Structures are given as C-alpha cells and as structure tokens.
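Please look over the salt bridges of the protein shown below. Which charged side chains pair with one another, and how exposed are the partners?

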Amino acid sequence: MHFLDRAPRNLFFTGKGGVGKTSVACATAVELAARGRRVLLVSTDPASNLDEVLETKLGAEPRPIAGAPGLFALNIDPEAAAHAYRERMVGPYRGVLPDAAVRSIEEQLSGACTVEIAAFDEFSKLLGDERATADFDHVVFDTAPTGHTLRLLELPAAWTGFLESNVGGTSCLGPLAGLKAQQALYAGSRRALVDGTRTALVLVSRAERPSLSEAERTRRELAALGIERQELVINGLFRAQDTRDAVAVGMQRRGEEVLAGMPAGLRELARTELPLLPFGLVGMAALRTLFGERTPSAVESAVVLVPAVSIPPLAQLVPSLEAGGRGVIMTMGKGGVGKTTVAVNIAVELARRGHKVHLTTTDPAAHVAEALGAAVDGIRVSRIDPVLETRAYADEIMRTAGASLDAAGRALLEEDLRSPCTEEIAVFRAFARIVDEGEHGFVVIDTAPTGHTLLLLDAAESYHREVLRTSGSAPEEVRRLLPRLRDAEFTKILLVTLPEATPVHEAAALQRDLERAQIRPFAWVINQSLVLLSVTDPVLVRRRANEGRFHAEVRDLASRVAVVPWAAPKSAHARLDLFAAPRGAT
C-alpha cells in the first residue's frame, strides 16, 4: 500500500542530503491537497528551497499556494525566530532591571544557541500545540538533512531534561523563566512524535549505499527516541529503457545491487519506490507527476535547452589547490551533491603527490572514512564527534573557570554546561582547532549541508563572545578563525553542485552569503554530469539536454569551474575515483 493512503496527521520527511526530501514532501502535500485535504507544508531546513520548488515567496506565516487549493506553506526562518525570541525574553526586563543587566541578557542571547532554540520553539508550536494547526488535516514537515533533523527531534527530551534539572535560574539562553514557560509545549511535541497514530517519519533514500546506510542509522536512532512509526521511500529509482546504453545499464545494475544489499532493518519497513524523472520537480505541473502522470509534455516543453559550455575536469584544479604546500580546502554545498566524494578524492590526490593530509568532516551525518575505504598512505582521517567534543569542552571549563568557584558556583556552572547549547560551542571550538592545523599541512574539510555550515560560519564572532562569557578566555585558534577563513591563500572553498536548478541556486545563495562575510569561494565543481557521456536512453538523453543551462549559469557565477562526469564505483565497497576516465565518455 502506498504511504499516502495511510498518511497520519503529521508527516516528517528526512534522509541524507540530496535524496529528494523536499521534492517528495512537496509532491506529497500537493497530492493530499488534491484529495480534498487541507495541508500545511513546513520547512525546518535553515537552507530551505520550498520557495523555488513551489514557485511561491514564503514567510513565517502560512501562505496559500497557487494552483493547489487547500495547500498552504511556510518556512521556519531561524534568524527571524531568534529575533522574536530575544524580544520575548528581554522585553519584560526593560525598564525594570538596570540597563547593564538588560545588555548582559541581550549578550547571552546573541549566540547560535538562541537561533537553535528559537527555531525549535516555532517547530514545537506546530507539532505540540494542536490549536496552532487546527485548520489543517495534515502537517507535512520538510526537514533539514539527517544530522540536523535528528538534533531537532532530540531537543524535546534534551530541553525538558535540562529544564527539570536546572535550578539556577540562568543559562546561555538567559533567564530560565521564559524557557520553563515552554516546557509543556516541548512535552507536547515529544508526545506527538512518539504517537504513531498522529505522526509518521518517512525515511527518503536513493538506491545508493551511503544513502541507505544513513537511512538505517536514522531508523535506529529514531527508534531509540521512541519513534516507532517509520516508512521508507526509495526515490529516483532508475530503470533503463534502452539496454544498448552502457551508462543506463550501469545505472540500473548499480541500483539493483545496492537494493539487494539493503540493511535488514530497512527491509522491515513499508516501502514506496518512486522513479527517476527526466526533469527537475519545480512547479505544480512537475510536482503532480511524481505520484501521477509520467509523461508531462507541458512540463518538458517548458524547459529551455541551452548548449553546454566547455568546462575543464576536476584534475585541472589540483595544481592550484596544492600551491603553497599547506592550507585548508573545504567542500560546501547542498546536501547530496557529492561534497564528501569530492573532498575524499582531492585528499587522495594530494597524498599521491606526496603531501600529508588531514581529512575530516563537520557534518554530523557524514562518514568520510566509509567514502575513503581502505587506509591511504599520507592521509589521517577524523570526524568532529559532538559527544566527545562536548565532554572534553565541559571538562576543560570545569578545570579552568570552575577551579576557583565554591561548591554552589560549581553546581551552577555544571548546570549551564548540561544545556544542549554546550554541544554547539564544543563543535565550533573543534572546527577552529582543525582549521588551525592548516598552518602546518593540508586539511581537507567535508562540511555539513549549506544551512548547518552557514550557521557554523556566521557564529564565529558570537561564539567568541560565548566562550569569553563561559570560560573567561578564547583560544588563539578561535580568535584567528575568521581571518583564516577570509584568507584566500590559506582557505580554498569549493562549492559543489549538481547540474540541476535547486543545487545551483542554493550554491549561488551560499556564495552570496560567504561574500558578505568577506569569504570568496575558490572554485565551483559541477558533479555527476552527463554532458561528457554518450547516452541513448530517453530519460538520460533528456536529463543530459537539460544540463546545458546550468553549466552556463555556473560559468557566469564562478571564477573557476570544474566538471565531474557521472560514474559509479567499480564495486559496492570501492572508492569512487573522480580522476578516472568515465565509462561511456564521449
């Protein structure tokens, strides 16, 4: 039975970046509305692209979607939510407390911790307060990529536990009175999440090993949180129509091999399979095709085909990347565009050229060690583990700032460090420490998807203030982080994209945000392109023809561009080699 036929009131779509969560969530909302339901579609992703997919400018309040009667949508804007939260927390104290005390509260509320809890407040209202969504039959949540989503879903329990145990009256979010007022709402959110009659979690995946592995990890972690009602969607499943097309046959075989090795836990879930379409799912006409008509002539005829421009291969970027013999190389972009694969291949190539490389990731859901496969001489692999970093950071603060405190003061400091915000500070410190290693060799960093990465980079100055507030001093690597990121000779940022509308436009927005922070990307990488391949399968022919306009768009945006053709690893556990000649190359 199709998951749409048993949809409860709340539907969450989650999965590894790039698997098509937004497309599936939007198409689901459109289909439910077409069945006569009133539907609210909500994005919890800091880098939401609902506006583009629905072709509607969205805000923080539900807005009707043209062409889909009964469908409304909104974006939870973390920055806007944080501004409203700060005013709600500080307002009652203005004119009551001395100005210095009010400024102190405002300073406490300036960090990324506030952004997180404020966005979570908005999410909790929609999930835990039925009055907030009483006008709707369904609420469909398009979530951030997995690591960020799991963090969001863990917060009801994390904040409830923190509020129950904290008796000191303050935290890194300011006075706890305002937070305690929300405790019933957080508890209501948790009840809704674990109630299978009200909420289902839909794990969206591709027929790709990393995607399915992450879906299985997510399934286990959700079950540990008490969320038992889960379903699986395999999105973009390709079936070759022309068996003479070597690329098409390779794609289908690769998908079949991966599904045959699917983790046992996922096999037990109810499963829906959705096909790879020859066009992007942007606009009502396209969205209706996912669950309906497969030959949307109106959608296809609206696509403007542009001849692909000539773009050099990834290998031509390497000499410029290794110039100077040290520094930081960071891959950034939308989830699922291949940031990890590009980072791993560059690390391997630098090691092959005789350099020592530290390969690491800031993505809580990334696994660079798996992508690398067998150990490679010259490469040290790590990941920023939030649990270990938080424990180490808390121990350090207790040894330093807590050393001179009496028993009551130490107890208050311990309470403050139990806040979920402490993890954000610890991860930031670890990021700054790793960037510092670029002074003595190459550091290749596979970053989290766009929204999470921007929060990390934007937080540099506010985290500096938070570290000063908590420990009284900031490490040298924290103080030097922003200057290093702004040094184009030291930090080289690669914006990785796919030749599709949403990844290109999100990377363009990321480039604008980086430039506002005085950080200039080094180059763009167009990954998994069909342009350099000879294909005859009708779906692949159409997708290849659609790529030209995105190649041209990237060329206009970037100072340097490289292209990587579509390829599959030689075996299920082999590393994908982006520097090898692809099968089916023209």
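Predicted model: local features only at pLDDT ≥ 70, side-chain atom pairs only at ≥ 80, totals over all residues.

Residues are numbered from 1 along each chain as its sequence is written, and side-chain values use heavy atoms, with hydrogens and water left out. The structure holds 27 salt bridges, each being a side-chain nitrogen of Lys or Arg within 4 Å of a carboxyl oxygen of Asp or Glu.

- Arg 6 and Glu 231 form a salt bridge in which the closest N and O atoms are 2.7 Å apart.
- Arg 6 lies in the segment before strand E1 (10–14) and Glu 231 in strand E9 (residues 230–237), so that the pair, 225 residues apart, links distant parts of the chain (strands are DSSP runs of at least two residues, numbered from the N terminus).
- Glu 231 is buried at 8% relative accessibility, whereas Arg 6 is partly exposed at 21% (buried means under 20% relative accessible area, exposed over 50%, and partly exposed in between, with a 1.4 Å probe and protein chains only).

**Other pairs**
- Arg 198 meets Asp 195 in a salt bridge of 3.9 Å, N to O; Arg 198 is partly exposed at 22%, and Asp 195 is partly exposed at 24%.
- Arg 520 and Glu 515 are joined by a salt bridge of 1.8 Å, N to O, with Arg 520 partly exposed at 40% and Glu 515 partly exposed at 33%.

Key: Helix = DSSP H or I, 4+ residues; strand = E, 2+ residues; numbered from the N terminus.
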